[in-house]
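Please look over the protein shown below.

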Amino acid sequence: MATWNASSPTASPCSSRRRTKAPARRPSSESPPPRKMKSMAEVMAKSVRVFEQEEEEDEDSYSDLACEKCGSGEGDDELLLCDKCNRGFHMKCLRPIVVRVPIGPWLCVDCSDQRPVRRLSQKKILHFFRIEKQIDQTDKSELSQETRKPRRRTCSLTVKKRRRKLLPLVPSEDPDRRITQLGTLATALTALGIKYSDGLNYVPGMAPRSANQSKFEKGGMQVLSKEDLETLEQCQAMCRRGECPPLVVVFDPLEGYTVEADGPIKDLTFIAEYTGDVDYLKNREKDDCDSIMTLLLSEDPSKTLVICPDKYGNISRFINGINNHNP
């Protein structure tokens, strides 16, 4: 806008104004000045009082915690706290007894949605164990005579003491009784969420099959004789036909699932192979499974293998359980 000048005849008089200069624009590449942020020390100084108050409230709420079974608050290191109802229970007061502190969340009996397993039908039992076929009465009698037929001695016991051999299992003669025995095992495995397996499982992420070699065994591995190997193969074939050892799995309110003999069993009788997932011992040192079995004991502790029947297993899982001390 032009200003009036007296020497200019064409200019018209107007109010006096000055030309102002626009502020310089900041280049787009230039970042804005950083905002002044509070330091972490200043933030924590204002929050410490709130955290301390919450911790004090938690300590006060659990200071009078007692077991719902015995009413005692002693032994807080063995007092389990339900993650849903916040009630406390001593591990020894629970039924069955909890032998180790569970890993992860734990719910009491009232808060857990675990329901009792119904009795399985004969068809479901046969499907559960993948039994090939049921032998009839004639086959059963012939098989029982073969298993009970004594072998002829080749020499006198007074001349040479022979090594004791494995004996094949003698199943119950009644087929219905065998179905009942298998039903107790199927019910126990189903209640614990365990799938039946008649062999070792090598799962990706655990120990590979190549890690289970006899050359890694400390002091060498025992080799079965030809006769014992034949006995083992005979018992495996019998189990595939549903001819199980005379054992039943029962639930004890104090000890959990245990095994009882349902008939006479001779010494050195083959019962079952120990089955489950194969893993390194170093990966299971803090495992809460109560039935881990050593598979391979190596000079190098990092190569020692164990069998973990927490997802797959058979009746051996209940025979070897830490809770199984029933006479």
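What follows is a set of questions and answers on this structure.

This is a predicted model, in which local features need pLDDT of at least 70 and side-chain atom pairs count only at pLDDT 80 or more, while totals for chains, interfaces and linings use all residues. Residues are numbered from 1 along each chain as its sequence is written, and side-chain values use heavy atoms, with hydrogens and water left out.

Q: Which residues of strand β9 point the opposite way from Leu305 and Ile307?
A: Strands here are DSSP runs of E with at least two residues, and helices are runs of H or I with at least four, both numbered from the N terminus. Strand β9 covers residues 305–308, and its residues are buried, a term that means under 20% relative accessible area, with exposed over 50% and partly exposed in between (1.4 Å probe, protein chains only). Leu305 and Ile307 point one way, and the other way point Val306 and Cys308.

Q: Which residue in β9 is the bridge partner of Val278?
A: Two strands count as paired if DSSP finds at least two bridges between them. Strand β7 (residues 276–280) runs antiparallel to β9 and is joined to it by four bridges. Within β9, the partner of Val278 is Ile307.

Q: Which residue stands opposite Met293 in β9?
A: Strand β8 (residues 293–296) also pairs with β9, in the antiparallel sense and over three bridges. The residue of β9 that stands opposite Met293 is Ile307.

Q: How far apart in sequence are the parts that the pair of Asp110 and Arg87 ties together?
A: A salt bridge places a side-chain nitrogen of Lys or Arg within 4 Å of a carboxyl oxygen of Asp or Glu, and the side chains of Asp110 and Arg87 meet in one at 2.8 Å, N to O. Because Asp110 lies in the loop between β2 (88–90) and α2 (122–128), and Arg87 in the loop between β1 (79–81) and β2, the separation in sequence is 23 residues.

Q: Is Glu243 buried or exposed?
A: Glu243 forms a salt bridge with Arg241, their closest N and O atoms being 3.2 Å apart. Arg241 is partly exposed at a relative accessible area of 22%. Glu243, with a relative accessible area of 1%, is buried.
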